[in-house]
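Welcome! Here is a short briefing to read alongside the sequence and the 3D view.

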Amino acid sequence: MKPLYHLGKKSRHHRIIEVVIGLLLLIAIIFGVYKLLNLSISPAENITNPPPVTKAFVPDSAPQKHIDEPLFTVDLPNDWSLKSHVTTTYNVYKFQGSKPATRLMSIYIDGLPPKFAVNRLLPVQAIGNRLDHGTVSDNCLDFVSPSAVNTQQSQQTKIVDAKWQNAEFYCDIGNYERDVIGTSSTEAINQVTLTGSSSKHTLFFAYTDNGINPNYSIFYGILESFRLK
């Protein structure tokens, strides 16, 4: 009988067993990798989000009143009214709201007090007989030069030259806590010239909102509706 083992050598039977075991391990590894690559994890509970809610934008539909004056027309909030029209020194119209009564606007036509200073500027541009406008500035004391504020002249007059969006105006440093907005254009300080069908006039608008939360959109709407005749 032949011996099953030789010194330092394995029998053919053991080599076959090792090959089979190796193949089985390889198959097991390949199968495990395949399962990991195709593993999908399902949540314990089905989470669903509610459908998105969409709402169409609706523009401000507050009642308006149409004002028809000899030189112009303008639309104002329904609670506003004409408080005065003075022509002695300046041709100026003054309108005021009642809800609240802290909002008022003046329209100067062909002249206004010299060095009329405001706290904020709304730059405007003439387009024929109507106006285009930019955005209201911050309080001008926040962006004028400190050196200009501290000059002897500005301390006496309480007025500083300022500029916002290329339009120059007069900054009221003496009453910086107010919220008075004025219009100005690149044409000249505190004026813009509109051309109507039969006339041409320079205009200046001053808007004041003494409420806790000033509403500049009201002023925007008024200017957008203004038409020179």
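Is Arg 103 buried or exposed? Arg 103 is buried, because its relative accessible area is 15% (buried means under 20% relative accessible area, exposed over 50%, and partly exposed in between, with a 1.4 Å probe and protein chains only).

Before going further, please note that this is a predicted model, in which local features need pLDDT of at least 70 and side-chain atom pairs count only at pLDDT 80 or more, while totals for chains, interfaces and linings use all residues. Residues are numbered from 1 along each chain as its sequence is written, and side-chain values use heavy atoms, with hydrogens and water left out.

**Salt bridges**

- The structure holds 5 salt bridges (a side-chain nitrogen of Lys or Arg within 4 Å of a carboxyl oxygen of Asp or Glu).
- One of them joins Arg 103 to Asp 209, with 3.1 Å between the closest N and O atoms. This pair links distant parts of the chain, since Arg 103 sits in strand β5 (residues 103-109) and Asp 209 in strand β12 (residues 200-209), 106 residues apart. Helices (H or I, at least four residues) and strands (E, at least two) are DSSP runs, numbered from the N terminus.
- Asp 209 counts as buried, with 2% relative accessibility.
- Lys 229 and Asp 68 also meet through their side chains in a salt bridge, at 2.4 Å from N to O. Lys 229 lies in the segment after β13 and Asp 68 in strand β1 (residues 64-68), so this pair ties together parts that are 161 residues apart in sequence.
- Lys 229 counts as partly exposed, at 30% relative accessibility.
- Another salt bridge brings together the side chains of Asp 172 and Arg 178, at 2.7 Å from N to O. Asp 172 is buried, with a relative accessible area of 6%, whereas Arg 178 counts as partly exposed at 36%.

- Strand β8 (residues 159-164) and strand β9 (residues 167-172) pair in the antiparallel sense over 6 bridges (two strands pair if DSSP finds at least two bridges between them).
- Asp 161 has Tyr 170 in β9 as its bridge partner.
- The hairpin has 2 residues between the strands, and Gln 165 takes a positive phi near 50° there.

**The disulfide**

- What joins Cys 140 to Cys 171? A disulfide does, with 2.1 Å from S to S (a disulfide is a pair of cysteine sulfur atoms within 2.5 Å). By this rule the count comes to 1.
- The link of Cys 140 and Cys 171 is right-handed, with 80° about the S-S bond. Cys 140 is in the loop between β7 and α2 and Cys 171 is in strand β9, so the pair ties together parts that are 31 residues apart in sequence.
- Cys 140 counts as buried at 0% relative accessibility, and Cys 171 counts as buried at 0% as well.

**Aromatic pairs**

- A search of the whole structure finds 12 aromatic pairs. Rings of Phe, Tyr and Trp (its six-membered ring) pair if their centres lie within 6.5 Å; planes under 30 degrees apart count as stacked, over 60 as edge-to-face and the rest as tilted.
- Phe 72 and Phe 226 form a stacked pair, because their ring centres are 5.1 Å apart and their planes are at 25°. Phe 72 lies in strand β2 (residues 72-77) and Phe 226 in the loop between α4 (216-225) and β13 (227-228), so the pair ties together parts that are 154 residues apart in sequence.
- Phe 72 is buried, with a relative accessible area of 0%, and Phe 226 is buried, also with 0%.
- Phe 143 and Phe 169 have ring centres 6.5 Å apart and planes at 55°, so this pair is tilted. Phe 143 lies in the loop between β7 (130-133) and α2 (146-149) and Phe 169 in strand β9, so the pair ties together parts that are 26 residues apart in sequence.
- Phe 143 is partly exposed, with a relative accessible area of 29%, while Phe 169 is buried at 1%.
- Phe 72, Tyr 93, Phe 95, Phe 205 and Phe 226 form one aromatic cluster.

**Around Trp 80**

- Trp 80 is found in the loop between β2 and β3 (81-86), and Trp 80 is buried, with a relative accessible area of 2%.
- Leaving aside residues up to four places away in sequence, Trp 80 touches several residues, including Phe 95, Arg 103, Met 105 and Tyr 207 (contact means heavy atoms within 4.5 Å).
- The C-alpha atoms of Trp 80 and Met 105 are separated by 9.9 Å, and these residues are 25 residues apart along the chain.
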